[in-house]
Amino acid sequence: MSTPRVRHDDLLAHRDDFPLLSRSVYLNTCSLGARSERSRRRLAAYLDDWDTLGARAWYRRWLGELDGLRDDFGAVIGVPGREITLAPNVSVALAVIASALDAVHRGDPDTARLLRAAGLDAGPTPRPRVVTTALDFPTVGHQWLARAALGVELVVIPSPDGISVPLDAFAEAIDERTALVATGHVYFTTGARLDLRPLADLCHDRGALLLVDAYQATGIIPTDVVADGVDLYVSGALKWLFGGSGTAFAWVRPALHPALVPTTTGWFSSARQFAFAVDELDFAPDGRRYELGTPSMPSAAIARGGMDLVREIGVERLGERTGDLGDLLVSHAERARLVVRGPRVAARRGGIVPIGVADPKPVVDALADAGIIVDFRPGIVRCSPAFYNTEEEVELLVERLAHVVPAEDHAVSSG
Ligand SMILES: Cc1ncc(COP(=O)(O)O)c(C=O)c1O
């Protein structure tokens with residue numbers, strides 16, 4: 001087996017911009033992307049504006065910064081910034097979306113009519129079900145478990161191989177009671193990537209909507225939500241967008257806005273936010289319709305620093321280098337007889353390469369003692385090299401893993 005080639009070495013010129021990278025061998029971007037000095041500069045500018053302008057900074061700077069952030073997020077999924085909804089985290093974005101689906105679950109006839117106008121024939125009968133998978137991040141399913149008292153049922157599709165969920169399994173689970181399929185673009189433990197278009201077509205044929213949790217994909221998988229037929233998309237800045245905590249976003253296909261009226265809301269969603277009319281609620285005609293209250297501007301400033309870099313380099317190159325480093329990791333790991341519990345080829349993967357270990361915590365601790373940072377989930381050590389990592393760092397990781405992973409977790413040699 002030849003060693004995979006890693007492209008875009010020129011991107012290593014950005015390493016000096018990430019202080020964390022000189023302090024550790026950092027291979028945990030799927031948990032928290034490293035921070036670039038661009039974010040520090042953006043944050044310093046925010047603090048200066050606060051000190052100079054006080055509350056006037058909202059109108060002179062910060063509302064414009066939020067529009068800039070919406071443009072940044074829109075640019076990486078192929079839509080205009082005005083269609084983006086900002087949220088403090090994915091869970092909040094999902095909670096607002098879930099509130100807007102209650103009328104679909106009930107089979108409200110007006111909502112059915114508005115969905116039909118948006119091209120989805122859901123019919124006027126109740127659709128109490130939401131389909132997700134056993135590989136999805138818990139907050140996705142929890143939104144609808146929390147609505148059990150409203151009659152909402154969560155259907156969880158198991159994964160036959162523990163790595164991904166085939167389209168056939170979705171086809172079996174989606175029926176005329178299904179309002180929504182909510183699943184990940186890349187699964188957070190196995191790194192497996194989902195093909196969005198075939199799943200979107202399947203959902204729409206059956207009158208169901210598709211929601212994609214793309215937290216582990218945005219920034220490394222070039223995405224066009226419109227071409228992919230996605231209805232609802234949620235993601236955030238924390239990982240592959242190098243933008244820290246406190247900033248996430250959603251996109252709701254604009255044609256669905258009239259049908260999906262939120263019942264969880266706040267004054268940032270109002271069309272006339274600065275009219276301060278307590279007795280009037282006209283939702284904004286754009287993505288702000290699903291927003292809540294005052295956003296965290298320090299978080300937004302830090303996130304914009306990450307997005308400056310992502311937009312400058314481009315998702316395609318970021319994804320290619322991340323995929324190549326993942327292939328290199330898989331190839332070295334298999335040579336070292338470590339067990340890869342995720343897809344072996346970049347085309348089927350996001351940025352995560354899971355190594356099977358029955359008791360992973362001591363392994364992750366031993367690596368941290370050696371200055372190598374990865375994390376764990378039940379039964380796996382989660383490794384996630386990003387564009388700023390070197391081939392030598394990946395080799396060092398596998399060399400140390402080969403030493404510290406217990407013998408019983410190694411693959412049985414065929415020789
Ligand atoms: C796939 C996925 N979805 C969602 C989240 C987090 O959601 P939230 O922003 O609500 O913390 C994560 C990781 O933290 C994730 O990996």
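**Exercise 1.** Determine in which sense strand 11 and strand 12 pair, and over how many bridges.

*Solution.* Strands are DSSP runs of E with at least two residues, numbered from the N terminus, and two of them pair if DSSP finds at least two bridges between them. Strand 12 covers residues 380-383, and its pairing with strand 11 is antiparallel, over 3 bridges.

The model is predicted: local features need pLDDT of at least 70, side-chain atom pairs count only at pLDDT 80 or more, and totals for chains, interfaces and linings use all residues. Residues are numbered from 1 along each chain as its sequence is written, and side-chain values use heavy atoms, with hydrogens and water left out.

**Exercise 2.** State the order of the strands in the open sheet, and identify its edge strands.

*Solution.* The order is 9-12-11, with antiparallel pairing of the 3 strands. Strand 9 (353-356) and strand 11 (375-377) are the edges, since each pairs on one side only.

**Exercise 3.** Describe the lining of the largest cavity by residue class.

*Solution.* A cavity is a set of points on a 1 Å grid over the protein atoms alone where a 1.4 Å probe fits but cannot get out; lining residues have an atom within 4 Å of a point. The lining comprises 4 nonpolar, 4 polar and 2 charged residues. Here Ala, Val, Leu, Ile, Met, Phe, Trp, Tyr, Cys and Pro count as nonpolar, Asp, Glu, Lys and Arg as charged, and the others, Gly among them, as polar. Among the lining residues are Val-104, Asp-108 and Arg-127. Helix 4 (residues 109-117) contributes the most, with 3 residues; helices are DSSP runs of H or I with at least four residues.

Methods. 1 Å grid on protein atoms, 1.4 Å probe; cavity = no way out; pocket = protein on both sides within 12 Å on 5 of 7 lines; lining within 4 Å.
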